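Subject: The structure to look at

Hi there,

Here is the structure I said I would pass on. Have a look at it first, and then read my notes below.

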Amino acid sequence: MKAVDPLGTQYKIRDYLNAMHLGQYVPDYLTLGASVTISAMEFLIGICLLFAIHRRLVSKFLVVLMSVWTLLTLWLALTDPISDCGCFGDAIVLTNWQTFWKNVVLLAAAILVALWPKDMARMISLSNQWIVFNYSTLFILFIAIWCLYDLPLFDFRPYHVGTNLREGWQEMMEGQDSPYAEFFIDSEDGDITEEVLNSEGYTFLLVSPHLEQADDSQLDRINEWYEYCTGQGYPFYCLTASSGQAISRWQDITGAEYPFCNTDEITLKTIVRSNPGLVLLKDGTVIRKWSHNRLPVLSEKDSVQPLERHEIGQMPNDSIPSKIAMLLLWFVLPLALLTIADRLWAWSRWLRKKRINPLNKKEERIMRKKIVAGNWKMNMNLQDGIALAKELNETLKADKPNCGVVICTPFIHLASIAQFLDQNIIGLGAENCADKEKGAFTGEVSAEMVKSTGAQYVILGHSERREYYKETPEILKEKVLLAQKNDLKVIFCIGESLEEREAGKQNEVVKAELEGSVFNLSEEDFRKIVIAYEPIWAIGTGKTATAEQAEEIHAYIRSIIAEKYGQAVADDTTILYGGSCKASNAPELFAKPDIDGGLIGGASLKAADFKGIIDAWKK
Ligand code: PEP
């Protein structure tokens, strides 16, 4: 309602500012910007709620917004500085108390939604939500800007096309309640309202609340219409609330010869949302309105014909149903089709997985690899490390795992372990590699050196390296490129700190980490990456993220991969969970559809513990 009439909303914002004695400090471009922003924001919140997009964030934001609106309307109801809140533009006019109670109800509803955001059923998959959001943003901005350029798409004011002003004014004169109480036309010779409204045939009204601020780019066209009216004998008046001085200035600039009449400023702003705008009356009925940007062109042939023979002399046939049909066609229909396609796709995927493995709850993992990887960190000397690797090798040869298994060890273990490890069953990897190819970098181990030991994997971006060795996204980007250049498979770690989780920033953090170091890769190279989501607060602390918390962020990570590389790549990307994962909690975590295994620290240092986690894939 607000977006189709940005000027009306702007006027309302100005009313509020004036009531707060702030009007003189805020320029028009800011109130107009606020008008478009507020309408677009409210519309988008509605769309997000409808489609259950970013449920938690949106519902919190909604509570804040509704609290502000409720307080504002309470103030309005108590002090009564403005008669109508403007919540629904001109479409529905409420009293100030009605609007306050309406907001109390909506605030209560918003609080309910914010308390149980997850109960909102998703109408569209996570990976397609951006389409709905961006399309709706473009749509609502287009509508607002178009209505600013032209006129409101829907006109709910008492001067809309089709209104018989003559009758309305007559009723007012008879003392009935009427929206035309402020409608008068004063000429030099006195009040001519009755004469104008009772005039038979066509009358043109050029409407300009303030000639000082009127757009003067279409002066020639306005003058052409005036000349045409003079030739055809149609009355033509300019209605304005400007002073005599402003009228003289306008006449000097434009050469206007038409008569000027005085009318109430608010009434003029209500008649047509354009300064200047042109209104055509026929027998006292409004039959056409134009903004100055869309004034009709008068061709040579038309200029000698009476208006009866012009198309514009007739009531337009773009009725409200046809406008609604246009909105349905351009907005509702594409979104409805997208939603149906999305639901069908989700449903067919679900059916396909059910058919392939009806008993397996981990339906989504048909394509991607399940992995359990150990990260030994800086533990165990060479002999102990070899002993552990041998024990694991024997155990897993005897009882084959149901998933990929990798052990990532300190550099010094790699070459020795590679000699005996059956790498068809257990992959071998390093815990780091240098961000330089080779050269004078004392103490560093390059990706090429890692590869030369017989290792196939490398962990990069572990939070301990980011924190203690100040590895930045740029350094990690280099490491990833060098690792891939040397044919190493990267297990890339991401995850948020406790403060970031408490501030609700986990999604933002993991997105930035991916964007900073791996989203530069081509699709082909990204497909070789394994992601490990490791909340820092869960690493080595004994605190595991709940399976639901982990699943939520894994699904989010998959959705941003889908946004970047498409759904097929996202479906094939292995995303491991890491952080105090043990044999006791692994089955619950691994049962989640977006968790494809684990990166295991402490529990990978004992063969039995590690095997317990690997066996979670057999449950
Ligand atoms: C890790 O450091 O990668 C890790 C997950 O550690 P832990 O399992 O000990 O929490």
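What follows is a short tour of what was found in it.

First, the ground rules. This is a predicted model, so please keep in mind that local features need pLDDT of at least 70 and side-chain atom pairs count only at pLDDT 80 or more, while totals for chains, interfaces and linings use all residues. Residues are numbered from 1 along each chain as its sequence is written, and side-chain values use heavy atoms, with hydrogens and water left out.

**Confidence**

The protein has a mean pLDDT of 93, and 97% of its residues reach 70 or more; pLDDT is the predictor's confidence in each residue, from 0 to 100. Please treat residues 358–365 with care: pLDDT stays under 50 there, and the model has 19 contacts beyond four places in sequence for this stretch. A contact here means heavy atoms within 4.5 Å.

**Overall shape**

The protein has 23 helices and 15 strands. Helices (H or I, at least four residues) and strands (E, at least two) are DSSP runs, numbered from the N terminus. The radius of gyration is 35 Å, well over the 25 Å that the globule rule gives for 619 residues, so the protein is more spread out than a compact globule. That radius is taken over C-alpha atoms, and the rule is 2.2 Å times the number of residues to the power 0.38. Along the principal axes, the C-alpha atoms fill a box of roughly 110 × 50 × 50 Å.

Lys370 sits in the loop between H11 and S8.

Among contacts with a separation of 6 or more, 73% are between residues 24 or more positions apart. Of the 619 residues, 49% count as buried. Buried means under 20% relative accessible area, exposed means over 50%, and partly exposed is in between (1.4 Å probe, protein chains only).

**Surface**

The accessible surface comes to about 30,000 Å², of which 58% belongs to carbon and sulfur atoms. These areas come from the Shrake-Rupley method with a 1.4 Å probe, and for residues only the protein chains shown count as cover.

Which residues form a nonpolar patch on the surface? They are Met326, Leu329, Trp330, Leu333, Leu337, Ile340, Leu344, Trp347, Trp350 and Leu351, with about 1,100 Å² of accessible area together. Patches are made of residues with over 30% relative accessible area and no salt bridge, with like charges joined within 9 Å and nonpolar side chains (Val, Leu, Ile, Met, Phe, Trp, Tyr) within 5 Å. Leu344 belongs to helix H11 (residues 320–356) and is partly exposed, at a relative accessible area of 48%.

**Salt bridges**

Side chains of opposite charge can pair when their charged atoms come close. The whole structure holds 31 salt bridges, each being a side-chain nitrogen of Lys or Arg within 4 Å of a carboxyl oxygen of Asp or Glu.

- Arg273 and Asp5 pair at 2.9 Å, N to O. Arg273 is in the loop between helix H10 (265–271) and strand S6 (277–282), and Asp5 is in the segment before helix H1 (6–19), so the pair ties together parts that are 268 residues apart in sequence. Both Arg273 and Asp5 are buried.
- Asp155 and Arg157 pair at 3.1 Å, N to O. Arg157 is buried, at 3% relative accessibility.
- Glu471 and Lys479 pair at 2.5 Å, N to O. Glu471 is buried at 7% relative accessibility, and Lys479 is buried at 2%.

**Backbone details**

Most residues other than glycine have a negative phi, and most peptide bonds are trans. Here are some exceptions to check on screen.

- The peptide bond from Asn275 to Pro276 is cis, with omega near 0 degrees. Pro276 is in the loop between H10 and S6.
- Ala52 is not a glycine, yet has a positive phi of about 55 degrees. Ala52 lies in the loop between helix H2 (28–51) and helix H3 (55–79) and is buried, at 1% relative accessibility.
- Met380, also not a glycine, has a positive phi of about 75 degrees. Met380 lies in the loop between strand S8 (371–375) and helix H12 (382–398) and is partly exposed, at 27% relative accessibility.

Happy browsing!
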